[in-house]
Amino acid sequence: MGTGRFKTRDFVLTRCKLYYFKDDSPLRSANISWKKLEPFVETNGNDSIYGFKLYRGDVFMDFFTETSDELELWLLKLSKVCIAIDIHDDFIFDRVIGKGSYAEVYLSKSNEDGKSYAIKSINKQ
């Protein structure tokens with residue numbers, strides 16, 4: 001980011017891990033399966049900062065992107081392995097079409113393309 005407030009970091013996303021690279025070598029990794037994913041946009045006057053938070057319990061990491069398009073790309077990739085906090089912004093949950101001992105399946109409609117999807121909701125209690 002051009003403001004100098006943030007440091008640029010290199011990350012590589014695999015199917016279930018996020019690797020932090022420094023000098024072309026992996027320094028750290030985090031298992032991101034089943035972590036909660038929460039996107040955010042912060043505005044200050046005419047400037048917008050795009051980012052997302054990955055967390056489980058009280059432990060979290062904030063990530064920032066330079067553009068909304070970069071944020072959308074990260075969210076698209078992470079949504080395959082993380083739990084989306086804002087899913088109700090993207091889908092209208094119509095009715096329960098299946099029920100099990102720990103989950104329910106809902107018929108839902110996408111706010112983006114209007115198509116119907118089955119979404120499984122897992123009760124973690």
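**Ground rules.** I'm working with a predicted model, so I kept in mind that local features need pLDDT of at least 70, side-chain atom pairs count only at pLDDT 80 or more, and totals for chains, interfaces and linings use all residues. Residues are numbered from 1 along each chain as its sequence is written, and side-chain values use heavy atoms, with hydrogens and water left out.

I started with strand β1 (residues 10–13) and strand β2 (residues 17–22), which pair in the antiparallel sense over four bridges. Strands here are DSSP runs (E, at least two residues), numbered from the N terminus, and two of them pair if DSSP finds at least two bridges between them. β1 and β2 make a hairpin, with three residues between them. I looked up D10 and found it opposite F21 in β2.

**Three-stranded sheet.** Next I followed an open sheet with the order β8-β9-β10 and antiparallel pairing. Its edge strands are β8 (91–99) and β10 (116–122), each pairing on one side only. Neighbouring strands in this sheet are turned by 35° against each other on average, direction ignored; the axes are lines fitted to C-alpha atoms, and angles run from 0 to 180 degrees between N-to-C directions. Strand β9 (residues 103–110) pairs with β10 over seven bridges, and V105 has K120 as its bridge partner in β10.

**Buried or exposed: which is S108?** I found S108 in strand β9, and it is buried because its relative accessibility is 2% (buried is under 20%, exposed over 50%, partly exposed in between, with a 1.4 Å probe and protein chains only). Leaving out residues up to four places away in sequence, S108 touches F91, I92, F93, D94, K115, S116, Y117 and I119, where contact means heavy atoms within 4.5 Å.

**Surface patch.** I noted a nonpolar patch of about 360 Å² made by W34, Y102 and I122. Patch residues have over 30% relative accessible area and no salt bridge; like charges are joined within 9 Å, and nonpolar side chains (Val, Leu, Ile, Met, Phe, Trp, Tyr) within 5 Å. I122 sits in strand β10 and is partly exposed at 37%.

**Salt bridges.** How many turn up in the whole structure? I got two, counting a side-chain nitrogen of Lys or Arg within 4 Å of a carboxyl oxygen of Asp or Glu. D94 joins R95, with the closest N and O atoms 3.9 Å apart; D94 is exposed at 55%, while R95 is partly exposed at 48%. K99 meets E104 at 3.4 Å, N to O; K99 is exposed at 67%, and E104 is partly exposed at 22%.

Conventions
Areas by Shrake-Rupley, 256 points an atom, 1.4 Å probe, with all protein chains shown as cover.
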